Structures are given as structure tokens and as C-alpha cells.
Amino acid sequence: MSYFQPLTSFTPDYCPSEVHKWRSTRTGLQVVLIEQERPIVEGYFAVATEIEDDSGCPHTLEHLIFMGSKKYPYKGLLDTLGNRAFSNTNAWTATDSTVYTLTTAGWEGFRLLLPVYLDHLINPTLTDSACYTEVYHVDGEGNEKGVVFSEMQGVENEAETIATLRSKKIMYPEKCGYSSETGGLMGALRVLTADRIRQFYHGLYRPDNLCLIIVGTVDKDELLETVSKFDESLPALPPTANKRPFVDSTPTPRLPKTVIDMVEFPDKDESSGHVLLSFLGPPNLDFLANTALHCLLMYLTDSDVSLLRRKIVEIENPLSTELEVYTDDFIETGLNVWLHNVPTEQLEKVEIKVFEILREHVEKSEFDLQQMRDVIERERLQYVLQAERYSSTLANLAIEDFLYGKINGESLAQAKHLSEYETILQYGVHEWECLIEKWLLNNPHVAVLARPSAALAKQLRKGANLRLKHRREELGEKGLERLAKQLQLAQEENEKKIPDNLLSTFPAPDPAKVNFISSVTAKAGLALNGSDPKSEIQDILDQDSAKGLPLYVHFEHVKSNFVSISLLLSSAVIPQDLLPYLFILLGNFYSTPIVLDDGTTLDYEEVVKQLKKDTIANNYYIGFDGEFEEMISFELQAVPENYGKAVEWFKRLIWNSKFDPQRLQIVIEKALMGLSESKRSGSYIVSSATKRLLLTSRSARRSLDELEMESLLLQLSKDVKVDPKPLIANLEQLRSLLFTPENFRVIISADVKQMAKPVSSWNAFSSRTPINPTAKSLVAVSRSYVNRNEEGAHLGGKVYLLPVPSTESSYATLLANGPTDFKHPDIPALAVAATYLEAVEGPFWRGIRGNGLAYGASVLRFIEGGNTGFRIYRAADAPIAIQKAKEIVESYTSGAADFEPLLIDSAISIIVSAIAEADNNYYAAASRKFLQEVLKGLGENANQAFLSSVRKVTADGMRHALKEFLVPIFKVETGHVFIACNPVKVAGMKEVFEKDGYEVIVDPFDALKKCNGAVGVDGTELDLDEESGSDYDEDSDYDDDEDEDEDSEYEEMEE
């Protein structure tokens, strides 16, 4: 018998989905099914988590849930099973909820894991030993450890974290859940007990406070059968209804007056800070008001001609380099506006300036109604596009509805349509001015001004080392030995081996049942290259094609209501002396004046307005689909009826644009102001160093690096004010060399049947410039490995230590020379071996993350650039983490450790899941198909061929791949090491690596000397008497940065 009662069922009128919601009359458990045609089935299991303190209980449970359940009391069982079932698990903790995720290629594996996952949620073990290792402990050397503690240690002193928390503490009352740091402050985590965590768990992890949201191609009857069995095992609802978190809490009083507060964040570079403006908005369920305010904020900030951006960012001597808006979707919506990289001396003035601009805009009746209506229509289309491409779009709506919506499903049913956009399209100037006055000008707000402080950075470092010293003295040798033993016992209890017979009871799903997305390839012009493809879509193109079209045009026919056009170009045609100017051309591309064919000039503001009206999105990328970064791609997205306009816009932007000195100056100054933010990122510093030290100046990847560009930008910022002609002449020459017919590859993803003139629309574009008579064929696809310098081509023997004063964690990348041929016969074995090592609960996970050495560790397979590598993210002790990784790899190559057959199968399953997840929508599948089959030259059905190859990989093949490509990474003779770390750690690391035989180069770019003369050449501070030790914790391209979380959501990182 099923107790699940249907609450609502509907078909959104803007995306191909079916939405159903049920609630158990017996337990209150809620289930939402969002049926969409995708290869991936995704589960979001949401718990409302209201807490009135900064203890971090919600965040600790996010980790502890994965430590085992009463039925399955084994750490990592979920992830180990997930590896077999084409699945991966994760979770995040937000201010108002904790959401656990299950992502599986196909329904079969999802159905297998769902009951096990739900048992972990409802019946977790929550043992003392798990709390000890995962939350907080002191190790045998007196260092503070714990996965949660280390994670928060890495973010607690970041500017965004400090400012956001301070804003919430002011906006909300002390005992309000919205004012809490749900991730946990370090001081609170130090004293948090297992009993307090268990108490919090029992109060909120109950069936009526849990919602299961499933998205994908699902058997509805099987889903209801599975959750009904689970529901029958749960306790029934109590006679008196439980308090609903947040909804039944005391309402938040509005601020009586505006509060402006200054906070400091640690950083030696004191040149720029940030400003956060926060407002309490309308009720969450007021969909019309919230839609209107979202569009209004976009009107104010979203483009170069938006009011605030135009007057604060797009000016000479910008007051900020970037405006960012987001909402806190609480019971009452929080409105937030960030102004990033504000000159420190302008922090207070910028806050005043924002409101002066808004008030003047209203008082002088300058509101641009047509621009507002264009914004509304564009936002509506962008939402439809997001709903089509990303399963999380409707899933997030369902989570929000669970937290704040009406229990009967009425509020979720509002997602059936987007009528709010139609309503606000009818608003006049008066209504919009009233919204500005009500919610921004006359609504008391919180302004947090975040100022960088070198003194605070010094104070924190000194304080940490003093705490370590006092802790060691207080504990003494015996106390430290006791703690080491306590940690060992806890780890032994946590690491009980999962019985093989238990794992074997869960059969591996059939990969043939995964419904991978497919597209139909068709070609025109030079893309045909003598071929004669046959298909219905090809016939459509052939009927519209002019013979001899001197342009490469590649189509991927997919199910979509949108057209995506990419222009892919090689940087190899650009002379080396002009390559650095590509940075300026790209930054100027979409917001520059244009001279039309009839002589009419459109100023940059009109260009931006019209471009946004005719297209949904415009972007440029270094590379294509995250790879081939010696190539440049430009992208426009539009509705099919505007396809011809999009092509015309490309023609205008490429050949009709005018290089305006004032616009160029703004591009340069914004780039310079943004450098301070880049220099605060340890992962970016490592990425930059690998490019600047291992590639020649002929490389676009190196030339487009922000830090590589710094000296030229400084010079250009002076020159352009005196005489802009030389800069413009260089840009004109660059344009003439880059944009030639033989250098264009046009890639179009769309439903070709919806398109008018799919090929002939390009006739005017291709006739704009004649094809070079000396060009015999298309310009070849550029590869990174051909631009390696001598050092990059012969890696080995060097360690680069890169001091970053603003980071408390270390970030490391190790590189060796590797294969450059995408068809190299060892690539499948290398893929399986790497996946085996870095799998969740795999050797790296247990040996490195499990021992608190680093938050993440992964293998790099950068075939496009000719490298294999190893990366460590947020390391507490980078040298020991590297040594541990080396020992693990060598244990498998020597035979000391065996590749387990079950785990080999799991690694192959992970690869299947990764491919399905990467191709989880038609646009992504089409892009990756072109990447794999054309750019990499792997031919038709590349994914299927690769999966066939990995299924044939043996343990011997994996061992061979490790010996050939991973062992050299860790050898002095064949590997390079790059580490970004706090200066206080440099001396100790230098000593370690020199003992190993490396040549150690500290601060190769003299960055510290430039920003602070008080730092010695070895990275130690000349004015501090500090210990060298510290208790700080903090196919892939090696310059992929790991993004820091900016929304106070702490996500379990399962790489």
C-alpha cells in the first residue's frame, strides 16, 4: 500500500518536462519527479536545516552522513557502490538547507542506490570516531585537523566570507537562522561535541522535513514502489505537527535604518577591496515582485550599458571592475549587490555613489523603458534556455518550494508558466521607478565595506603559530602521544573494510541501458572536404548551399529551441609580437562602436543594446569546450528566427567595429584593477606559472595570461592616453590576420528544421573578405604542445615555490612530459588507472584526503599540451601529500598493491558516468562531439569507441600506463613541481625538496618584492620572528582553476 498522495502534476509550457509531486499522508515525506529526456538521472535530497548559532552542525552532518548507516555501517560504502553503478554522490550546505545529491548514468543504477542512500540519511551511525576525524581533532604533532575544520579554515578569512557573514549578522536578529554561519566558525568547531551534532540531527532529519527530488528519464512506477517501501520503514507523523523550519519561526523585523560597516580581510596587497550592499526584499512566494526585481537588477548591472556598470565600471579610472548581483531565496528574498575590486580609498565613496546614481535616475526621469523591456525578454529567454540545458533549473525551484512553498503543491504549480514576465512587460516608467524607490532607495540596507589589511594578515599568521606553540607546550610529549593514539584508534574504527560479499550483492548496471544523447552531423562549404554525407538534415543544407562557399560550416542537429553559433579560430596566424594584443581585442569585442555598411555609426552603448536584443548570450573563450587553448572561439546564442541577425552581428563585430581610444583605455584599466584578485588565488598563481615558465611567447595561452600581460597593460595604460594610434594600428593588423576565411571554423548547434537559410545566411559574411589565393587549405588546429619552450619540452628537476600571502592553504601541480597523440594506444589504460587512483574512497582519497593532507587530489591527463600530472587542492601539508601520492603510485607499479577487479570495474563505470554527465544536454553533447570527432580527429562515434577500449583494459595495462606516465611525475629527473603557498611555509618546503635533489626556485617572478619590500628572497618575512612550521590547512588541463564557493555553501568535494 502506498501512502503517497498526488499534490500536483503539470507540463511546463517553456521546456520539455513533466513535473509531479507527492506527499506521504503517513510520514510527511515529499517526492518530486521531474521527467526529462537525459542520459543522467539526478537526485536532490533536501533537508531544511535551521540553526541559531555558528557551531556548523548542518555542515558536519553533510560529511558525517557519508560515514555509514546502521544497516550499512561502512565509511565510503555509498561512494564505493556509486563507483560501480555509474554514479557519484555529493552534498552542499547552504544557509537554510543541506542538499544531498546522487547523479547516475541511467535509471537502473539510480534505483539500485536510492534505498542505500536514504538509509544513510535516516539512520546514520554518527559515531564518536567519525565526529573526531571528520569534524575536528588535534594530531600527534599538535596540529589542528579534521575535514570540516580544514575546509572552513580555508575560507573563513576570505573577503567574501567575512563580508557576507557580517552583512547577515546585521540584517537578521541574533537568534535567526539566517544570521548563522552554517559551515561553522573555527572557534565553534573546536568545541563542538558529537552529542550536540546528534541532538541537531534528531531535531531536523525527520521524514516530514525531507524532500526527494529526482530529475531525468525515470520509471515512475518503480520510483513510487521504491520510495513507498522506504516510507513504510519510517516513523509516522506525530499527533501535533512538527515546527516547520523558517516558515514557523519568528518573522524577521526590517531594519529601522541603513547600517554601514567596515570589515578587514587579510591581504598584503592593500590596493583594492569590495563593497557588499544587501536589502531585505519581498516575500519568497511573491513571484511577480521577485521576477520584477530580478529583471530590475539586471537592468542596473548586467551589461556594459546598464546604469550602474556604465557609471561605475565602464569609465576612465573605474571605481570597480565587476558588479555582481544575486538573491538569497529565503522566506523573504535577500537582494545583494557586490562591487568587486574597488580601490581601497574609494570604498566609502562608491557606496554613496551607487545611491546617488539611482536617485538621479529616478528624479530626472531617465528610466529607459525600451531597454527594460529588452532585458525582460532576454531574461525570459535565458531562463527557458537554462531550463532546457540544465536539470538543476527546475530542481532548484522544487527545493525552494519544499523550503517555503505551500504544502499542498500550489506554489510549485506556478512553475507551469512564466506569466510574470508577460505581466511586467506591461509596466510603465512609473511602476519601475516605484520599485527602485521602494526596494532600493527607501529600503534601509546593509553596506559592508571590505578593506584589505596587511597588518591583519601578519597578526593571523603570528597568532596561528603562537597557538601551535602553546598547544604543544600545554600537551607535552605524553599528551601528544595520547592524541596520536586516539586518532589512530578513531581511524581504524572508521576504516573498517567493506566486505566483498556485500559489494557483490549489488550488481553492476548494464551500460547499454544508458540513453546517451545523439546528434546528426551535417556540413557545408569547406567542412565537406570532398565528402558526400547522406541524411535528411544534409539534404536541407544542400538545398540551401551555394557551390564553392569559401567557409567551413559544421552543423550538429539537435532538439533545441535555440541556435548556438561558435566561430573557432587559430592563434597561429598571429605574429608573435601581436599576440599580446589579442587580450585587448577580446575584451573589446562585444562592446565597441560599429560603422555600418551605409556609413552610420553606432556608439558602443547602442551596439550593446541591439546585440542583447537580437541574441540571448554572447561570449568569447580561450579554447573550445575547455580544451585547445591555442584556439579562440566567439559564441552567439539566439532563437531560430534571429539566426540571420546573429550571423549579421558577427560580420559587424569582426569587420565593422571601430577601435575607440576611450573604450580601449577602459578595457586596459579594468584588467589592471582585476589583477589584485587574481594574485590572491593560489590555484590561479600555479596555473599562471605553468604557462609563463613552460611555454614560449609564441603561445596564446601564455600571452593571454593576466599576469603575463601585466607589464604591457601598465605601459599601454600610459601610452593610450598620450597617443592611441600605435595601439589601434596593432589591433587593426591583428584583425586583418586573424579573421580570414581560411581561419574560420563555424560550428552551429540547432534544430536545423527550424532554421531559415541555414547556409545561405553566411554568403554575405563570407564575401566580406576574399579568400587568400595562397592558402591551400584551412589553417590547422593549433596545439599547445608545439609551443613548449626548451624547459617545457624536457621537464625534470625543478620546484617552483610561489608565495601567496593571502592564502592559508597550499596548491600544487606536478607535471611530466606525456603523450601528444589522442590516438595513443595507452590512453584507455591511463584513463582507467588514473580514475582508479582518484576515485572517491579510492587510493588517493583515502591516503591523502582521509589523512587530512589535502582537500582534493587528482591526476591530470593533458594530452593536448603533452603533459601528465598530479594536482593537489587546498593542501595542509603539500610535500607530505606529494610523497604519499608517490608511494601510492609506486606501490601499484611495484606489485606491492594489487588492482582489485571490483575496483577496476568501478573505475570503468566512473568513466561511463563522466561521459554521460558531460553530454547531459543536447548543446553539451553536440559541442563534445565536434571536439572529439573533429578537433581531436578521433572520427565518428568516438565516445563509443573509447568506452569499448576501456572495457578491454587489464591490470597489466594499467600498471604499464602508471610506469610510463605517472611514475615520471614524481621523479626528480622527469618531473616539475609548482606550489603556491603562504610565505611562512616556503623555507620549510625549500629544505624538503632540496634534500630530495630538486633545484628549488623561490618566487620566480619576484611578485613579493613588487608588492611588499619586507619579504626576503627565500619567502620568509624579514620583520617577523615566526616558526617555519604552521598549522594552516587549507581529461583535464593543468590550468583549470578550482573555483572557490561564493555563496556560503560548503560542498563535499568529490573529484
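This is a predicted model: local features need pLDDT of at least 70, side-chain atom pairs count only at pLDDT 80 or more; totals for chains, interfaces and linings use all residues.
The protein contains 38 helices and 29 strands. Its radius of gyration is 29 Å, close to the 31 Å given by the globule rule for 1055 residues, so the protein is as compact as a globular protein of that length. The C-alpha trace spans about 85 × 70 × 65 Å along the principal axes, and buried residues account for 62% of the 1055 residues.

An open sheet is formed by six strands in the order E25-E26-E24-E27-E23-E28, with mixed pairing. Strand E25 (854-862) and strand E28 (999-1002) are the edge strands, each pairing on one side only. On average, neighbouring strands of this sheet are turned by 15° against each other, direction ignored. Strand E23 (residues 798-803) and E28 run parallel and are joined by four bridges; Lys798 stands opposite Glu999 in E28.

Two helices are described in relation to these strands. Helix H24 (residues 682-694) lies across E23, strand E24 (810-817) and strand E27 (976-981), and runs at about 145° to E27. Helix H32 (residues 878-894) packs on the sheet and touches E24, strand E26 (867-875) and E27. The direction of H32 makes about 135° with that of E26.

Helix H13 (residues 369-389) comprises 21 residues and reaches 30 Å from its first C-alpha to its last, close to the 30 Å expected at 1.5 Å a residue. The N-terminal end of H13 is capped by Asp368, a side-chain oxygen of which lies 3.3 Å from the backbone nitrogen of Gln370.

Methods:
Residues are numbered from 1 along each chain as its sequence is written. Side-chain values use heavy atoms; hydrogens and water are left out. The expected span of a helix is 1.5 Å times one less than its number of residues. A polar contact is a pair of N or O atoms within 3.5 Å; within protein, one must be able to donate a hydrogen and the other to accept it, and residues adjacent in sequence count only if both atoms are side-chain atoms. Two strands pair if DSSP finds at least two bridges between them. Axes are lines fitted to C-alpha atoms, for helices over the stretch in contact, and angles run from 0 to 180 degrees between N-to-C directions. Contact means heavy atoms within 4.5 Å. The radius of gyration is taken over C-alpha atoms; the globule rule is 2.2 Å times the number of residues to the power 0.38. Buried means under 20% relative accessible area, exposed over 50%, partly exposed in between (1.4 Å probe, protein chains only).
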